[in-house]
Amino acid sequence: MANKLIVAPAPHVQSDRSTALIMRDVVIALIPALAVSTYVFGADVLFVTAVSVLACVLFEYLIQKFMVGGPLTINNWSAVVTGVLLAFNLPASIPWWIVVIGALVSIGIAKMTFGGIGKNPFNPALVGRVFLLLAYPVQMTSFPTVEGCDALSGATMLAAVKQGAVGFDALGIRNLLIGTMPGSMGEVAALALLLGFVYLLWRKVITWHIPVTILGTMAVFAFLVAMTRGGGALLWQMPLFHVLAGGALLGSIYMATDYSSSPMTVKGGVIFAFGIGVITMLIRLWGAYPEGMSFAILIMNSVVPLINKYVKPKRFGVK
């Protein structure tokens, strides 16, 4: 009789859904945001996305074939997801060669160095994004202007508000939802990102706990700060602005929920998400950068092993 006992690392989750199917669902969920971003910024969005995806797939193939070995994994769509998410964190006007460098860092350093999919402690796309932000700050913060938003002069809404150039209600809720504002490709389509969120929930690819906790923490934090600044209209404008603007939705829905770099339990996920929300707001309001989501997720990624160790269900039979 063949040995049917298979020993593998935790978590031991049984499912008939393959990795490729899950990753394809993520890509499908991102299509509405890609469409809105293309409408706002033009064909450059498709070019940057294509370069990012092709570079990520190519680097994973080359590294695995000539360095890591083992069966090729480019057909599981994880490199495609990394490529799309990396592109969504970039300006549409960024040079193609910087995109390729970001893809190399995302795949070569943040993913394949640790053994490939499921073994990376940090979200690969965010590692690539933060590296590019530190290495090429001018190109990473130079955004194409959007018609009707001349007052922002190419700056993101978060940067303009932090610098005092405009108020929280400068563009209105409609603009925050449909994305007619400068920013990274994945920052300008709040409604489309929420549509993808509903799709991922329906497909049971993710649960609501991490995204809702992050956004809820950010909203409460902003509300409390607004109270100290005089209240009034700020009590609803400031929380809503911080939830819809910048990379809050993209990060909380599509990056913080990454299986391999987030906690394994619901309770752990809530703690993880709470930390992301607080760190994001601390950086946004008092840090050197107008956006803090990327840094917050990476910081909390590093805490995941501790969360998994101290927040876990009791063994069967243990009181």
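**Ground rules.** I am working from a predicted model, where local features need pLDDT of at least 70, side-chain atom pairs count only at pLDDT 80 or more, and totals for chains, interfaces and linings use all residues. Residues are numbered from 1 along each chain as its sequence is written, and side-chain values use heavy atoms, with hydrogens and water left out.

**Overall make-up.** I started with the secondary structure and found 14 helices and zero strands in the protein chain. Helices here are DSSP runs of H or I with at least four residues, strands are runs of E with at least two, and both are numbered from the N terminus. Next I looked up burial: 52% of the 319 residues are buried. Buried means under 20% relative accessible area, exposed means over 50%, and partly exposed is in between (1.4 Å probe, protein chains only). I also checked contacts, meaning heavy atoms within 4.5 Å. Of those with a separation of 6 or more, 74% join residues 24 or more positions apart.

**The core.** Which residues have the most contacts inside the largest nonpolar core? I noted Leu200, Tyr254 and Ile276, in a core of 91 residues. Helix α1 (residues 19-41) gives the largest share of this core, nine residues. A nonpolar core is a set of buried Ala, Val, Leu, Ile, Met, Phe, Trp, Tyr and Cys residues joined through side-chain atoms within 4.5 Å.

**Ile276 and Met300.** Methionine 300 lies in helix α14 and counts as buried, at 9% relative accessibility. Beyond its neighbours within four places, methionine 300 is in contact with Ile271, Phe272, Gly275, Ile276, Ile279 and Ile307.

**α10 with α13.** I looked at helix α10 (residues 209-228) and helix α13 (residues 266-286), whose axes come within 8 Å and cross at roughly 40 degrees. Axes are lines fitted to C-alpha atoms, for helices over the stretch in contact, and angles run from 0 to 180 degrees between N-to-C directions. The two helices are therefore oblique to each other; angles under 35 degrees count as roughly parallel, over 145 as roughly antiparallel, 65 to 115 as roughly perpendicular and the rest as oblique. In this contact I have 17 nonpolar, six polar and one charged residues. Ala, Val, Leu, Ile, Met, Phe, Trp, Tyr, Cys and Pro count as nonpolar, Asp, Glu, Lys and Arg as charged, and the others, Gly among them, as polar.

**α5 with α14.** Helix α5 (residues 124-135) packs on helix α14 (residues 293-310) at about 125 degrees, with the axes 10 Å apart. I wrote this pair down as oblique too. On the α5 side I found Leu126, Val127, Arg129, Val130 and Leu133, which meet Ser294, Phe295, Ile297 and Leu298 in α14. By class, that contact has seven nonpolar, one polar and one charged residues.

**Pro121.** I then went to the loop between α4 (96-109) and α5, where proline 121 is found. Leaving out residues up to four places away, proline 121 touches Phe114, Ser261 and Asn301.

**α11.** My last stop was helix α11 (residues 234-244), where eight of the 11 residues are buried. Among them are Leu234, Gln237 and His242. After α11 comes glycine 246, with a positive phi near 65 degrees.
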